[in-house]
Amino acid sequence: MDNQKTGYFIAKLRKARQMTQKDLATRLHVTDKAVSKWERGLSLPSVDLLAPLSRELGVSVMELLDGQRREEASIDLQTANHILEETIRRLEKIVRRKR
């Protein structure tokens, strides 16, 4: 995952949806400073935010991780996205248990 590429992609998608950084931050329960850091490539969203962020921006988790849209809408991509989202949910549960 390339921080710069992913950050640019997040900013592009957010602006296309006519959201401010604060709008996106509010929907994800993070600060607008966090969104700014993602968009500038200084940090990346945490694992537990990947699925909600991808939903807010209207892309798959795989596209978000790649920092670009995938043109082909294949069943394999959908299956991979489902598996990835399930993995993220399981990781979120593990993190919650450890806290």
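Predicted model: local features only at pLDDT ≥ 70, side-chain atom pairs only at ≥ 80, totals over all residues.
Helix α2 spans residues 21-28, and helix α4 spans residues 47-57. Their axes come within 10 Å and cross at roughly 130 degrees. That angle makes α2 oblique to α4. The crossing of the pair is right-handed. On the α2 side, the contact is made by L24, R27 and L28. On the α4 side, L49, P52, L53, E56 and L57 take part. By class, the residues of this contact divide into 6 nonpolar and 2 charged, with no polar residue.

Helix α2 also packs against α3, at an angle of about 110 degrees. The axes of α2 and α3 are 8 Å apart. Angles of 65 to 115 degrees count as roughly perpendicular, and α2 and α3 are therefore roughly perpendicular to each other. The crossing of α2 and α3 is again right-handed, as is that of α2 and α4. From α2, the residues Q21, K22, L24, A25 and L28 meet D32, V35, S36, W38 and E39 of α3. This contact has 5 nonpolar, 2 polar and 3 charged residues.

Helix α3 covers residues 32-39, and its buried residues are V35, S36, W38 and E39. They lie on the same side of α3, because they cover an arc of only 160 degrees around the axis. An α-helix has 3.6 residues a turn, so residues three or four places apart point the same way. The cover over the buried residues of α3 includes α1 (3-16), α2 and α4. After α3 comes G41, with a positive phi near 75 degrees.

Two further buried positions lie elsewhere in the model. A11 belongs to helix α1. Its relative accessibility is 9%, so A11 counts as buried, the limit being under 20%. The C-alpha atoms of A11 and K22 are separated by 12 Å. Along the chain, these two residues are 11 residues apart.

S60 lies in the loop between α4 and α5 (61-66). At 13% relative accessibility, S60 is likewise counted as buried. Leaving aside residues up to four places away in sequence, S60 touches S54 and N81.

Notes:
Residues numbered from 1 in each chain as written. Heavy atoms only, no water. Axes fitted to C-alpha atoms, helices over the stretch in contact; angles between N-to-C directions. Helix = DSSP H or I, 4+ residues; strand = E, 2+ residues; numbered from the N terminus. Parallel < 35°, antiparallel > 145°, perpendicular 65-115°, else oblique. Left-handed = near helix turned anticlockwise from the far one by under 90°. Contact = heavy atoms within 4.5 Å. Nonpolar A, V, L, I, M, F, W, Y, C, P; charged D, E, K, R; others polar. Buried < 20%, exposed > 50% of the residue type's maximum accessible area, 1.4 Å probe, protein only. Arc of directions from axis to C-beta.
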